[in-house]
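Please take a moment to look over the sequence and the 3D structure below before reading on. The paragraphs after it go from the inside of the chain to its surface.

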Amino acid sequence: MRLTDAEWSVLEALWTNDRLSLGEIYDILKIKNGWSKTTVHTYLKRMAAKSLVGIDNDSKKPYCALISRENCAVQERRDLLERVYNGAAGDMIAAFLKDSKISSKEVERLKKLLDDMEV
């Protein structure tokens, strides 16, 4: 499942905390996105319907993320790899390295990663 930027924002708030109330999420997202409390509540309900957010109506802090940051990151990487680089991981890595400055420490770490991989 590909997340929208708005869904990422909501999940970011939830990932940095165990459980939150609507007011707490609103306080975070009004600063970050300028959203109203109604907008935040609408996103939370929609994301609950998609099983991205859990809601425990018996709790003072009813909202929690049902999907981990790592699971979302894995899916985003897979989507990017397929959509932009037709599944060619080497091409994607080369493009990132070409467009970014990389320290000698990072170069060594990448070399070790490649050496440790069975290709």
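What follows is a walk through the core, the cysteines, the salt bridges, some loop and helix contacts, and a surface patch.

This is a predicted model, in which local features need pLDDT of at least 70 and side-chain atom pairs count only at pLDDT 80 or more, while totals for chains, interfaces and linings use all residues. Residues are numbered from 1 along each chain as its sequence is written, and side-chain values use heavy atoms, with hydrogens and water left out.

A residue counts as buried when its relative accessible area is under 20%, as exposed when it is over 50%, and as partly exposed in between, using a 1.4 Å probe and protein chains only. The largest core has 18 residues, and those touching the most other members are Val10, Leu11, Leu14, Ile25, Leu44 and Val53. Two or more residues of this core come from each of α1 (5-15), α2 (22-33) and α3 (37-49), and α1 provides the largest share, with six residues. These element names follow DSSP runs numbered from the N terminus, where a helix (H or I) has at least four residues and a strand (E) at least two. If we leave aside neighbours within four places in sequence, Leu11 is in contact (heavy atoms within 4.5 Å) with Leu3, Met47, Leu52, Val53, Ala65, Ile67 and Cys72.

How many disulfides does the structure hold? There are zero, a disulfide being a pair of cysteine sulfur atoms within 2.5 Å. In general, a disulfide is a covalent bond between the sulfur atoms of two cysteines. The closest cysteine sulfur to that of Cys64 belongs to Cys72 and is 13 Å away, which is too far for a bond. Cys64 counts as buried, at 12% relative accessibility, and Cys72 is also classed as buried, at 4%.

We now turn to charged side chains. Side chains of opposite charge can pair when their charged atoms come close. A salt bridge is counted here when a side-chain nitrogen of Lys or Arg lies within 4 Å of a carboxyl oxygen of Asp or Glu, and by this rule there are seven salt bridges. One of them joins Glu24 and Lys61, whose closest N and O atoms are 3.0 Å apart. Because Glu24 lies in helix α2 and Lys61 in the loop between β1 (53-55) and β2 (63-65), this pair ties together parts that are 37 residues apart in sequence. Glu24 is partly exposed at 26% relative accessibility, and Lys61 is partly exposed at 37%. A salt bridge also links Lys111 and Glu108, at 3.8 Å from N to O; both residues lie in helix α6, three residues apart, or about one turn of the helix. Arg77 and Glu70 form another bridge, with their closest N and O atoms 3.2 Å apart.

Ser21, in the loop between α1 and α2, is buried with a relative accessible area of 17%. Not counting residues up to four places away in sequence, Ser21 touches Lys60, Lys61, Pro62 and Tyr63. Is Lys60 buried or exposed? Lys60 lies in the loop between β1 and β2 and counts as exposed, at 79% relative accessibility. Although Lys60 and Leu20 are 40 residues apart in sequence, their C-alpha atoms are 8.1 Å apart in space. In helix α3 we find Lys37, which touches Leu22, Gly23 and Tyr26 when residues up to four places away in sequence are not counted.

Helices α5 (89-99) and α6 (104-116) are the elements that give two or more residues to the patch. Leu97, in helix α5, is partly exposed, with a relative accessible area of 36%.

Terms used:
Core = buried A, V, L, I, M, F, W, Y, C linked by side-chain atoms within 4.5 Å.
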